[in-house]
Amino acid sequence: MSHLLVTGGAGFIGANFVHYWRQHHPQDSVTVLDALTYAGNRANLAGANSVQLVEGDIRDTPLIEGLLRDHAIDTIVHFAAESHVDRSIHGPAAFVETNVIGTMNLLTAARAVWLADGGKPHRFHHVSTDEVYGTLGPNDPPFNETTAYAPNSPYSASKAASDHLVRAWHHTYGLQVTTSNCSNNYGPYQFPEKLIPLFLINALHGRPLPIYGDGMQIRDWLHVEDHCRGIEAVLHHGRVGETYCIGGGAELPNITVIDTLCAAVDAAFAADPALAARFPEAPAARGIPTASLKTTVADRPGHDRRYAIDETRARAEIGYAPARDFKTGFAATLAWYLANEPWWRGVLDGSYRNWVETNYAAR
Ligand code: NAD
Ligand code: TYD
């Protein structure tokens, strides 16, 4: 039996991980530490039984030391971060605070508690991104664990710094760490600032779909459940001190993702007449193609052109392979957003906490 501390467990990937872990490892205890920023929501954990959510900051070293001792934590899975590139362009300081200082303070607490008493078995797993490797040309080989770091945005620079700190705490102090660098996630509970949920919700409201530049930037799309399985594989089979690249095997230009999304929304409205009544502002409610909302806007400054992952090491060493192709993963994601309208309406209108209190207080 393991005792997990999941930082950022009320955010998109962290919450999916908590649900995944409760389902597959019900014997383990799970404590979530989350500052509940705009991106973190209590309701993301609704239905995850026996999970204790502690509202707190990863920069708060004494708080974390107390949690590690009081909850007998032996495994930290570290998701907490500022995660949106566009926000990092407008306000980089928060990214350094949380992603760099926060990770350092978390490592400091883990070292103080885990290594002080002779070093009981423990694991610090750090969740990072392929964006630390920079950008690829069309014919470059995909990133792997030996690719040199070359971050281009304040977000990826702060994640790169955190990766280096994790590595240093292993080599210098002997902390038992692993790191995973994954590609773009999508799936339930993703805050509607990232491409897929933003465009879905804009499509339902008849708002423009803002395509940065020529829309030919390439990302490797990873369904969040596959990512959770990848982290599980690293925790169970990964070598301490190693990093593992986790991808979705779905390298697609943004425009293809957007066209898939538009066609899927049109098909959903055609198949279910009730959607037109629920979302009368959607072009699809009037038989107009959702693609009519596509709008080209100025490109993101420093926009990375292409990310791609070579997951040979993860396949060979820990038995990881993505199970969901983009088509089925995206269809499931669209269905989730259509079925969970109160969730994203609450996120958008700022009444999220009230909605949570009304709907989930009794659980
Ligand atoms: P998210 O923005 O949805 O969630 C981040 C969570 O961290 C939120 O719940 C937030 O409240 C919490 N948080 C922020 N600052 C905190 C602090 N100082 N103390 C405690 N909690 C804090 O992010 P996500 O998309 O779920 O990403 C999770 C991790 O995965 C991040 O480390 C991110 O860099 C990494 N990652 C994400 C993607 C992706 O596609 N979303 C891809 C690669 C890597
Ligand atoms: P995003 O979801 O922000 O993830 P990341 O920047 O970490 O890859 O963006 C995914 C891609 O979609 C990226 O190339 C930027 C592009 N994009 C748009 O074209 N328009 C948008 O409004 C957003 C949010 C993203």
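1. The shell around ligand 1 holds 13 nonpolar, 12 polar and four charged residues. Here Ala, Val, Leu, Ile, Met, Phe, Trp, Tyr, Cys and Pro count as nonpolar, Asp, Glu, Lys and Arg as charged, and the others, Gly among them, as polar. There are 29 residues around ligand 1, and I13, D34, S83, Y155 and K159 come nearest. A residue is near a molecule or strand if one of its heavy atoms lies within 4 Å of it.

2. A word on the basis. This is a predicted model, in which local features need pLDDT of at least 70 and side-chain atom pairs count only at pLDDT 80 or more, while totals for chains, interfaces and linings use all residues. Residues are numbered from 1 along each chain as its sequence is written, chains are lettered from A and ligands numbered from 1 in the order in which they are written, and side-chain values use heavy atoms, with hydrogens and water left out.

3. Which elements supply the shell around ligand 1? α1 (12-24), β5 (123-129), α5 (154-173) and β7 (184-186) each give at least two residues. β5 gives the most, with three residues. Helices (H or I, at least four residues) and strands (E, at least two) are DSSP runs, numbered from the N terminus.

4. An N or O atom in the side chain of D34 is 2.6 Å from a ligand 1 oxygen. On its own, ligand 1 has 840 Å² of accessible area, and the protein covers 97% of that. Such areas come from the Shrake-Rupley method with a 1.4 Å probe; for residues, only the protein chains shown count as cover.

5. Now ligand 2. Around it are 17 residues, of which E131, P210, R219, R300 and H303 come nearest. By class, its shell divides into seven nonpolar, five polar and five charged residues. α6 (195-205) and β8 (209-212) each supply at least two residues of this shell.

6. Two arginines reach ligand 2. A polar side-chain atom of R300 lies 2.5 Å from a ligand 2 oxygen. For R219, a polar side-chain atom lies 2.8 Å from an oxygen of the ligand. L195 uses a polar backbone atom instead, at 2.9 Å from a ligand 2 oxygen. Taken alone, ligand 2 exposes 500 Å², and the protein buries 97% of that.

7. The whole structure has 18 salt bridges. A salt bridge is a side-chain nitrogen of Lys or Arg within 4 Å of a carboxyl oxygen of Asp or Glu. Side chains of opposite charge can pair when their charged atoms come close.

8. R239, E242, R313 and E317 are linked in a salt-bridge network. R239 meets E317 at 2.6 Å, N to O. That pair links distant parts of the chain, 78 residues apart: R239 is in the loop between α7 and β10 (243-246), E317 in helix α10 (residues 312-318). R313 meets E242 at 2.7 Å, N to O. R313 lies in helix α10 and E242 in the loop between α7 and β10, so this pair ties together parts 71 residues apart in sequence.

9. R278 and E341 form another salt bridge, with their closest N and O atoms 3.0 Å apart. R278 lies in helix α9 (residues 274-278) and E341 in helix α12 (residues 341-349), so parts 63 residues apart in sequence are tied together. R278 is partly exposed at 35% relative accessible area, whereas E341 counts as buried at 16%. Buried means under 20% relative accessible area, exposed over 50%, partly exposed in between (1.4 Å probe, protein chains only).

10. Most residues other than glycine have a negative phi. L36 has a positive phi of about 50° and is not a glycine. S50 has a positive phi too, near 55°. L36 is in the loop between β2 (29-34) and β3 (51-55), and S50 is in the loop between β2 and β3. Buried or exposed? L36 is buried at 7% relative accessibility, while S50 is exposed at 63%.

11. D226 sits in helix α7 (residues 224-237) and is buried at 2% relative accessibility. Its side chain reaches the backbone nitrogen of R324 at 2.9 Å.

Terms used. Polar contact = N/O pair within 3.5 Å; in protein donor to acceptor, adjacent residues only side chain to side chain.
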